Amino acid sequence: MAETYTFTAKDLKEIEKITAKYPDKLSAVLPALWYAQDKFGHSDPSVQQLVAKTLGVPEAHIRGVVSFYTQFYEKPMGRNVLDVCTCLSCQVSGGYDMLHYIEEKLGIKAGETTPDGEFSVQSVECLGACGYAPMLQVTNDKFVNHLTREKVDKLIEDLRAGKKPDFESNPMPQHEKGS
Amino acid sequence: MSNDWKSYKPMLVPAIRDLHDISVYEKNNGYQALKKILKDRKTWTPANVVNEVKTANIRGRGGAGFNAGLKWSFMPEPDGKPRYLACNGDESEPGTFKDRKLFEFNPHLFIEGAIIAAYAMQIDVIYVYIRGEYRPFIQKLQKAIDQACEKGYLGKKILGSDFSVEMYTHMGAGAYICGEESSLMESLEGKRGYPRVKPPFPAQRGLWGRPTTINNIETLANVPLVMQHGAEWYLDIGPKTHPGPVLYGISGHVNRPGVYEYPAGMDIMTLINEVAGGVRGGKKLKALIPGGSSTPPLRADMLDGVTMDSESLREAGSMMGTAGMVVLDEDTDMVDLIWRISYFYDHESCGQCTPCREGTGWLEKTLRKIKDGNGEMRDLDLLLAICHRMEGRTICALADAAAWPVRYSIDRFREEFEKKCKKTVYAVA
Ligand SMILES: Cc1cc2nc3c(=O)[nH]c(=O)nc-3n(C[C@H](O)[C@H](O)[C@H](O)COP(=O)(O)O)c2cc1C
Ligand code: SF4
C-alpha cells in the first residue's frame with residue numbers, strides 16, 4: 001500500500017536552496033531525490049510523485065531517473081543496506097567470499113532483505129576502494145574496508161544495535177614511511 | 001629509470017598533517033599560484049595562463065591523456081553569457097581510487113586548480129560532479145569549499161579583483177557511465193546519463209547548451225603546481241611526453257596496496273616489487289591491468305622495461321588510463337576475471353546504442369558459459385566477432401572499453417580460455 005509523503009516547510013526551503021545552484025529546476029532532480037531518499041529511506045513511486053510535484057517536473061521523468069541510477073531505491077529496503085563490492089580488485093581479493101559469508105549469516109541472497117527488515121544485501125560494482133579490498137558500503141554512506149569474517153560479525157552486531165560504522169581513513173602508505 | 005624515485009617528495013598529496021584545513025594549506029604555499037596570477041594580470045592574462053598550462057603538457061588524468069591546456073584553448077571567446085567548468089570526480093573505472101585522496105587529504109589544491117582553470121577560460125560557475133558512493137568524501141570537499149568561500153578565494157570579486165566564480169558539488173547516484181563527459185553533463189542537468197553524440201563538442205555546446213570544459217580532479221590538481229613553478233619545471237618531472245606527478249592506485253595481489261604518488265613514467269616492475277612490496281605470498285606475477293578495467297591486460301613477460309606513461313604503455317600493447325594498476329598473481333583465473341569485467345560493462349551500458357547494449361550482454365553471456373565449463377572452441381571466435389562489431393561503432397567509448405579487455409585477453413591468455421572450452425562442437429554421447 002502506497003503511503004503519502006510530504007515535505008515540511010523546512011524541507012521546501014532546503015530544496016529551494018538546492019535549486020538555486022542550477023539555472024533550471026530540472027537540474028535539481030538528482031539532489032532533490034537524494035534529499036527525499038535521505039528523509040524517507042527510499043524513492044518509491046509515491047516519493048517520486050512528491051519530488052515531481054515539488055520541482056514541477058513530469059513524474060515520468062523522475063521515474064526514468066530513479067530507475068537509471070542504482071543508488072536510488074525503487075522500493076523500501078532494509079534499515080541497513082550492505083553493498084558488497086565483487087568487482088575486479090575485490091573479486092580477486094575475496095569479495096565473493098565475503099558476500100557469500102554475509103548471505104549465509106543473514107540467511108538471504110544478494111538482492112533480498114531479511115524478514116525482520118533489518119538488512120538488505122547487494123552485490124555491487126566497483127566502489128573505488130580497490131586497495132582496501134574486500135570491502136562493502138553501508139546504506140550509501142560509510143565504507144568498511146579490509147573485510148574479514150570477524151569484521152563482518154562485528155559490523156552486523158553493531159548495526160543491529162543501531163551503531164553505524166565510523167569513517168575509515170586510508171592514508172597513503174608513502175606518508176607512513178616518509179614522515 | 002634510476003633510483004631517483006626514492007627521494008621523490010609527493011606534491012599532489014604531500015605528507016603534511018591536516019593539509020585539508022585551509023590555514024594549514026595556506027601556510028604551505030597554498031593559494032599562492034592563484035595570488036600570483038591575480039597580482040600580475042598583465043603577465044598572466046587568461047590566454048597566457050592557458051598557454052602556460054598547454055606548454056606544461058598536463059596529460060588528462062581521467063583516462064584519455066589529453067593535454068589540458070590544449071583542451072582549454074578550444075573554449076570560444078566569451079559572449080557575456082554563462083560558461084561552465086565541470087570537474088569529473090566520478091571515479092568509477094574499476095581499479096581506480098585516487099581522486100578521493102585529493103578530496104580527503106588535499107582538497108584545496110584541487111579547488112585552487114579549478115579556480116585557475118575558471119580564470120583562464122573566463123568561466124563563471126564550476127560544478128564538481130562526484131559519484132554518489134563517495135558521500136563521505138563529498139562532505140570533506142564541501143567543507144573545504146566552504147572554507148575557501150569564507151576566505152574569499154571563491155565567490156564574488158575574488159581577493160579584491162573583478163574576477164568571480166562559484167563552485168558547487170553535485171552528487172551522482174550510482175552509474176559508471178556518468179564519468180563519460182557528455183553523460184556527466186546530462187546527469188548534471190537532472191536526466192538519465194545518456195552520452196551525447198559528438199560533435200558538437202562540450203566547448204561549443206556543453207552544460208545547458210553553453211561552452212563547457214570537463215577535466216578530471218587530479219588533472220586540475222596539477223594546475224597550481226604548473227602556475228607556481230612554471231611549465232619548464234613541470235616538464236622536468238618524468239617523461240616530457242607525459243610529465244608531472246601521478247597518483248598510482250595499486251591494488252590486487254600485492255603486499256602493500258594503496259595510492260602512491262611518483263613521477264609519471266615509473267618503471268612498472270619497480271612499482272610492483274619495490275613500491276608496493278611485491279606479489280603477495282611470494283607468488284609469481286601473472287598479469288597486470290595497468291590503468292583501470294578498460295585497459296588491456298599485459299602478461300608478466302610483456303612488462304620488462306615498460307614504464308607508466310602513454311607512449312611506453314602503447315608500445316607494450318595497453319594504455320595508461322587512470323593509472324589504477326591491478327596486479328594479478330599466478331593463481332588468477334583469467335576467464336573468471338574477464339567474465340566479471342564483462343559483467344560490469346553489461347551492467348553499466350546505458351543502452352542507447354545497439355552494438356553496446358546487445359554486445360556487452362553477449363560478451364557476458366558467452367564468457368559465463370565458458371567460465372561454467374559449457375563453452376566450445378567456436379565461442380572464442382564468437383567473442384572476437386562481437387568485439388569487432390562493437391568497437392568504434394557507438395556514441396561513446398564504453399563499448400570499446402568493454403571489448404578491449406576481452407579481445408586482448410583471448411589473444412594473450414588464449415590457452416587458458418581454450419582449456420575451459422569443450423574440444424568439439426558436436427554432441428559425443
Ligand atoms: C565510459 C567512460 C567512463 C569514464 N569515466 C571517467 C571517470 O570516472 N572520471 C574521469 O575523470 N573521466 C572519466 N572518463 C573520461 C571523461 O570522458 C573525460 O575524458 C575526462 O573526464 C576528461 O578529463 P581529463 O582530460 O582531465 O582527463 C570516462 C570516459 C568514458 C568513455
Ligand atoms: S556506447 Fe554504450 S554506454 Fe556509450 S552511449 Fe552507446 S550504449 Fe551508452
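How many residues of domain 2 of chain B are in contact with residues of domain 3 of chain B? I opened my notebook with that one.

**Ground rules.** I am working with a predicted model, where local features need pLDDT of at least 70, side-chain atom pairs count only at pLDDT 80 or more, and totals for chains, interfaces and linings use all residues. Residues are numbered from 1 along each chain as its sequence is written, chains are lettered from A and ligands numbered from 1 in the order in which they are written, and side-chain values use heavy atoms, with hydrogens and water left out.

**Entry one: chain B.** I looked up the domains, whose bounds come from an automatic or database domain assignment. Chain B has domain 1 (8-235), domain 2 (245-329) and domain 3 (334-428). Back to my opening question: 14 residues of domain 2 of chain B are in contact with 14 residues of domain 3 of chain B, where contact means heavy atoms within 4.5 Å. The C-alpha centres of these two domains are 24 Å apart. Together they bury about 1100 Å², with 69% of it on carbon and sulfur atoms; buried area is the accessible area (1.4 Å probe) that two parts lose on being put together, summed over both.

I then checked for salt bridges (a side-chain nitrogen of Lys or Arg within 4 Å of a carboxyl oxygen of Asp or Glu). The rule finds one across this domain interface. I also noted that B:Lys286 and B:Glu416 meet in a salt bridge, at 2.8 Å from N to O.

**Entry two: chain A and its partner.** Chain A is split into domain 1 (9-68) and domain 2 (80-160), and their C-alpha centres lie 29 Å apart. How many residues of chain A are in contact with chain B? I found 51, and they touch 72 residues of chain B. About 4800 Å² is buried between the chains, and carbon and sulfur atoms give 57% of that. Two salt bridges cross this interface by the rule. I also looked up B:Arg340, which forms a salt bridge with A:Glu125, with the closest N and O atoms 3.0 Å apart.

I counted 13 residues around ligand 2, each with a heavy atom within 4 Å of it. The closest are B:Cys350, B:Gln352, B:Cys353, B:Cys356 and B:Cys396.
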